[in-house]
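Trainee: I have this one open on my screen, so please walk me through it piece by piece.
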Amino acid sequence: MAKRVAVIDIGSNSVRMVIYEKTSRFAFHILHEAKSRVRISEHAYQNGGNLQEIPMQRAYEALENFLTIISSFKARKTLCVATSALRDAPNQKDFISKIKNSIGLNIKVIDGQREAYLGAIACANLLPEQENALSIDIGGGSTEFSLINKKDISSNISLNLGTVRLKELFFDFNDIEGAKKYIDLELSKLDGIDASTIIGIGGTFRAISYAILSNSDYPLDKLHAYKPNYDDFQTLLSKILDSDEDNLKKLGIKNSRFDVIKPGALILLRVFKKFKIKELITSGVGVREGAFLADLLRTSKDKFPTNYNTSLRYILDSHIDNLSHSNQLNRVAKQLFDLMHEELEIEKRYRYELAIAAKLCMSGSTIHYYSYSKHSYDLIEDALEFGFTHKQIVLIATLARYSKRKLPSSSHVDNFKSLLPDINQLNALSYILSLSVALLSHQPRNIDFSLKFENGELKIESKNSLYLAKENIRKLENLKNSNINISFL
């Protein structure tokens with residue numbers, strides 16, 4: 001696979017382009033993203049599905065500009081997929097031929113099941129693991145559903161439900177009851193499916209999640225993997241349907257979505273009515289990430305290897321200069337946790353986050369060494385994007401931020417209290433990571449000490465002097481639990 005790959009997604013509402021760069025076999029990051037709200041399906045559903053000249057011209061010009069951007073980044077491969085608007089259009093070949101002949105771009109029109117599957121493999125690989133979850137991707141012309149259970153995907157279904165379709169067929173004529181009947185008839189094709197979690201893909205779900213997030217005291221400004229409260233979400237959907245444009249703005253809905261947010265909200269309300277949903281999760285990824293992953297993971301059944309995380313690997317590839325030291329910190333932190341977690345009363349489940357914080361706590365040194373802990377925190381919070389819950393991201397970033405002879409500040413803890421463990425466990429985890437860093441101050445080629453923990457005492461044995469380790473451990477006296485003693489043998 002090429003090192004740089006561009007993906008273009010031609011949807012009914014928007015045309016989007018992303019350029020990805022691989023840093024190793026399965027690790028990648030985004031180099032550039034562009035979006036144009038060309039609304040290629042505008043007036044199509046009132047004209048037998050045929051694409052109209054003005055929207056097609058808008059799409060042509062956006063795609064032409066996208067190719068210029070792709071060329072500037074020297075991407076070696078471009079994948080372009082088109083969904084409902086072109087899929088439904090009797091004149092799709094005219095548009096596809098014009099694009100191919102004029103700017104040399106090959107467009108692949110995918111069917112509804114493939115569209116549902118691509119969105120689902122993005123969610124299955126790039127969200128925290130879900131069980132009994134139903135992904136829903138509301139587009140302009142269609143809505144796709146897939147069942148996701150851990151990494152397994154089934155029941156890929158595409159329905160002729162879309163925000164632009166419903167707007168032009170029903171909402172433009174104020175026929176809300178007709179829209180409800182139409183939606184419910186389409187949703188009857190999901191009879192027999194059972195799900196307890198909804199994974200929301202696409203602009204409608206994200207817009208509503210963002211409105212809830214931005215109007216709350218939620219401490220993390222991150223939409224991917226955000227879990228909005230179900231009751232809050234449902235209440236906002238009902239308010240949207242009853243709002244004029246001024247109230248939509250007050251609710252936190254962006255101007256660009258005013259004309260299609262109500263059809264999308266009605267689809268979601270009817271879906272919620274059909275299923276007994278216990279939890280919602282917002283996906284920042286969808287069809288274009290799925291198209292990229294289908295290419296990247298084509299030899300591994302569209303799944304990352306077991307226990308592999310692409311965001312973690314990207315940070316290691318790009319921001320850790322001494323991988324040996326990173327791995328040693330990881331090993332020592334896990335060993336200290338195993339020896340002392342009962343004494344320090346830390347729940348076993350936090351071992352994972354501690355281990356990753358140990359691997360990444362020096363990542364900020366590639367930005368600026370003397371403030372590396374601050375940069376490590378920012379980097380982890382921003383770039384540890386895929387496969388982690390918000391609680392995991394904040395804990396890992398916090399431990400990395402305070403891995404150098406300091407406990408998390410009271411202001412930081414207060415700000416992120418809803419996402420962090422209780423203060424005693426947080427401080428104990430922070431102490432273990434600081435102790436790991438101190439023990440490896442001399443950065444040996446191989447770990448040159450052994451650890452034992454007996455009767456509240458950590459015993460460190462080595463044939464070497466560990467001079468720097470001893471000096472730095474003494475500086476941790478104000479951090480350690482009063483029940484822990486340390487001795488060198």
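Trainee: Which exposed residues sit on the face of α3 turned away from its buried side?
Mentor: That face carries K93, D94 and N101. Exposed here means over 50% relative accessible area, buried means under 20%, and partly exposed is what falls in between, using a 1.4 Å probe and protein chains only. The model is a predicted one, in which local features need pLDDT of at least 70 and side-chain atom pairs count only at pLDDT 80 or more, whereas totals for chains, interfaces and linings use all residues. Residues are numbered from 1 along each chain as its sequence is written, and side-chain values use heavy atoms, with hydrogens and water left out.

Trainee: And which residues of α3 are buried?
Mentor: They are Q92, F95, I96, I99 and I103. Seen down the axis of α3, these buried residues fall within an arc of 95 degrees, so they line one face of the helix. The arc is taken over the directions from the helix axis to the C-beta atoms.

Trainee: What do those buried residues pack against?
Mentor: They pack against α1 (53-72), α2 (84-88) and β5, where contact means heavy atoms within 4.5 Å. As for the names, helices (H or I, at least four residues) and strands (E, at least two) are DSSP runs numbered from the N terminus.

Trainee: How far does α3 reach, and what follows it?
Mentor: α3 covers residues 92-103, and its 12 residues reach 17 Å from first C-alpha to last, close to the 16 Å expected; the expected span is 1.5 Å times one less than the number of residues. After α3 comes G104, whose phi is positive, near 75 degrees.

Trainee: You mentioned β5; which strand does β5 pair with?
Mentor: β5 (residues 108-109) pairs with β4 in the parallel sense over 2 bridges, with A82 opposite V109; two strands count as paired if DSSP finds at least two bridges between them. β4 (residues 77-82) also pairs in the parallel sense with β1 (residues 4-10), over 6 bridges, and there A82 is the bridge partner of I10.

Trainee: Changing topic: what is the strand order in the 5-stranded sheet?
Mentor: This open sheet runs β8-β7-β6-β9-β10, with mixed pairing. β8 (152-159) and β10 (279-282) are the edge strands, each pairing on one side only, and the twist averages 20 degrees from one strand to the next. β7 (residues 143-149) and β8 run antiparallel, joined by 6 bridges, and I148 has I153 in β8 as its bridge partner.

Trainee: Which helix lies across β6, β7, β9 and β10?
Mentor: That is α10 (residues 258-274), which runs at about 160 degrees to β6 (133-138). The axes are lines fitted to C-alpha atoms, for helices over the stretch in contact, and the angles run from 0 to 180 degrees between N-to-C directions.

Trainee: Last one: which strands stand at the edges of the 3-stranded sheet?
Mentor: The order in that open sheet is β11-β12-β13, with mixed pairing. β11 (450-454) and β13 (485-488) each have a single partner strand, so one side of each is left without a neighbour in the sheet. β12 (residues 457-461) and β13 run parallel, joined by 4 bridges, and E457 has N485 in β13 as its bridge partner. Helix α13 (residues 323-340) lies across β11 and β12, at about 15 degrees to β11.
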